[in-house]
Amino acid sequence: MSELRHPIGTFDVLAPDSRRWEALLAVFARVVEGAGYGLVITPTFEDLQVFQRVGASTDIVRKEMYDFEDKGGRRVALRPEVTASVVRAFIQHRPTTPWKAWYAGSNFRYESPQAGRYREFHQVGIEVFGAADADLDVEVMALGWEFYRALGLRRVELMVNSLGDATCRPPYRALLIEYLEARSGDLCDEHRDRFRENPLRVLDCKRPTCKAVAADAPKQVEHLCDACGAHFARATGGLDALGIPWTLATNLVRGLDYYTRTTFEYAGLALDSAQNAVGGGGRYDALVEEMGGPSTPGIGFALGVERILMACDAEGTLAAPDAAVDVFVVDFAGGDAARDLTAQLRAAGVRADRSFDGRSAKAQFKVADRSGARLALVVGPDDAAAGTVMIRPLTGDRTQWATPRDQVVAEVARLLGS
RNA sequence: GUGGCCGUAGCUCAGUUGGUUAGAGCGCCAGGUUGUGGCCCUGGAGGUCGGGGGUUCAAGUCCCCUCGGUCACCCCA
């Protein structure tokens, strides 16, 4: 066992597994860029305040944040999620709205790892600022849906809820507290004392006692104000119009407190329930203003890369694409040909590899075979003296032939093109 | 933070009631073919048995501690 390892809750991804990551990111970029979203790159760490303003009362910010003091005495934190950073960037740069952004990157939460849960994990996501239209909710939910479909996933469920807004959430909240007050004896230990601070959390509690209470609790969707009700009807009607199946999840409460109106989650039905949340998001119309910016509506989602890959494993989709070079140069005449030919081939757009350290012809051919190359270029002492290169197909009819050294790159390009 | 299970070669694992120099398959390297891959044959490299302490004539094996992995609770992606 070597002494140095990756930190707890982190992991390395090497090829060929990493090719699945490349493929996943390429599919995501294709889907969202095809809808007018542009890549936004924000820092991996931010001033601690950026995250504290977003969710001071949530576990993610309270207990799981990787925060520390840097050498300049600043309190900073590795981002536990990306939305806060993107909001901060929006406020700082004030791009024209509607601003449609996508991202891909690491997030950090200090908790003990288990299946599908890591201290550093990866998300892809989108955010849109400056449009309150319910049709945008439809677009955002549909893009996530399309992305899963594009990966080949079939067993994904879209769950939708509305959390109301500043008009209808407070009265609903009061109603919920009143209900919980009457049933407080039936709540789990944790929520019996704490339901007054954050009553919505009880709806999300997985303990059987709380679940029973939550089942009969008043539902926000039945107590929406007229504006939120119309918004929700338009958003869900839009999903129906696009033929995207969805289910109403009246107890859906997300882990961050900034959501308003439409909230949603994607569940991977092929996964165990402990890690079946493969993505989630919602509207956050008050967040930009809360963080010190102009009053601006917003909506977005974040999808968990590790969870999605688990779902792909479970559904047997998204195989790692084969990576292969086109040509492998076998040189046992001193190495000049391997050095020069690989450079010339690459300059001509041909993927080319070679061996090093003067290995035997047999060893070089073994590596050539493993490389997946279609062609080998062979240069031994006789070829070098004659100024020729042997072209040898590595599959099918393996008859090889000699080609003049100064024509071989063009010849290879022609062979590969056909 | 709490609990279950698990740590032997790069990987997957075997290793008997404690007993000599810890093994296999795969992978890797070399040779069999002084210039030609996949199959085959032969050989080789590679291990402080996670670490520390203890019991014992003797510990990969038993005990304690510790570190790590993994899964679950909580929370979430």
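How far is a base nitrogen of RNA strand B from an N or O atom in the side chain of Gln114? The distance is 3.1 Å, and the tour returns to this position below.

**Before starting**

This is a predicted model, in which local features need pLDDT of at least 70, side-chain atom pairs count only at pLDDT 80 or more, and totals for chains, interfaces and linings use all residues. Residues are numbered from 1 along each chain as its sequence is written, chains are lettered from A and ligands numbered from 1 in the order in which they are written, and side-chain values use heavy atoms, with hydrogens and water left out.

**Stop 1: the domains of chain A**

Select residues 17–168 together with 224–315 for domain 1, and 327–417 for domain 2. These bounds come from an automatic or database domain assignment. The C-alpha centres of domain 1 and domain 2 are 49 Å apart.

**Stop 2: the surface around RNA strand B**

Next, display RNA strand B and the 46 residues around it; a residue is near the strand if one of its heavy atoms lies within 4 Å of it. Arg117, Ala277, Asp382, Leu394 and Arg398 come nearest. Of the RNA atoms that come within 4 Å of the protein, 49% belong to sugar and phosphate.

By class, this surface has 15 nonpolar, ten polar and 21 charged residues. Here Ala, Val, Leu, Ile, Met, Phe, Trp, Tyr, Cys and Pro count as nonpolar, Asp, Glu, Lys and Arg as charged, and the others, Gly among them, as polar.

Zoom in on the bases. Besides Gln114, at 3.1 Å from a base nitrogen, select Arg117, where an N or O atom of the side chain is 2.3 Å from a base nitrogen of RNA strand B. At Arg307, a polar side-chain atom lies 2.7 Å from a base oxygen. The elements that give two or more residues to this surface are strand 6 (120–129), helix 8 (199–204), strand 10 (277–283), helix 14 (361–371), helix 15 (381–386) and strand 15 (388–393). Helices (H or I, at least four residues) and strands (E, at least two) are DSSP runs, numbered from the N terminus. Helix 14 provides the largest share, six residues.

**Stop 3: helix 12**

Arg307 also belongs to helix 12 (residues 305–315), where Val305, Glu306, Arg307, Ile308, Leu309, Ala311 and Cys312 are buried. Buried means under 20% relative accessible area, exposed over 50%, and partly exposed in between (1.4 Å probe, protein chains only). Their cover includes helix 1 (17–33), strand 6, helix 5 (134–151), strand 10 and strand 11 (298–304). Gly316 follows helix 12 and has a positive phi, near 65°.

Continue to Leu318, in the loop between helix 12 and strand 12 (327–331). Its phi is positive, about 55°, although it is not a glycine. At 14% relative accessibility, Leu318 counts as buried.

**Stop 4: Glu127 in strand 6**

Select Glu127, which is found in strand 6. Is Glu127 buried or exposed? Glu127 is buried, with a relative accessible area of 0%. Its side chain makes a polar contact with the side chain of Tyr284 at 2.4 Å. A polar contact is a pair of N or O atoms within 3.5 Å; within protein, one must be able to donate a hydrogen and the other to accept it, and residues adjacent in sequence count only if both atoms are side-chain atoms.

**Stop 5: helix 2**

Move to helix 2 (residues 48–55), whose buried residues are Leu48, Val50, Phe51, Val54 and Gly55. Seen down the axis, these residues fall within an arc of 165°, so they line one face of the helix; the arc is that of the directions from the helix axis to the C-beta atoms. Asp47 caps the N-terminal end of helix 2, with a side-chain oxygen 2.9 Å from the backbone nitrogen of Gln49.

**Stop 6**

Ser162 is found in strand 7 (residues 156–162) and counts as buried at 2% relative accessibility. A polar atom of its side chain lies 3.3 Å from the backbone nitrogen of Gly164. Beyond its neighbours within four places in sequence, Ser162 is in contact (heavy atoms within 4.5 Å) with residues including Phe232 and Arg261. Arg261 lies in strand 9 (residues 260–268) and has a positive phi near 50°.

**Stop 7: two cis peptide bonds**

Finish with the bond joining Ala15 and Pro16, which is cis with omega about 5°. Another cis bond joins Thr97 and Pro98, with omega about -5°.
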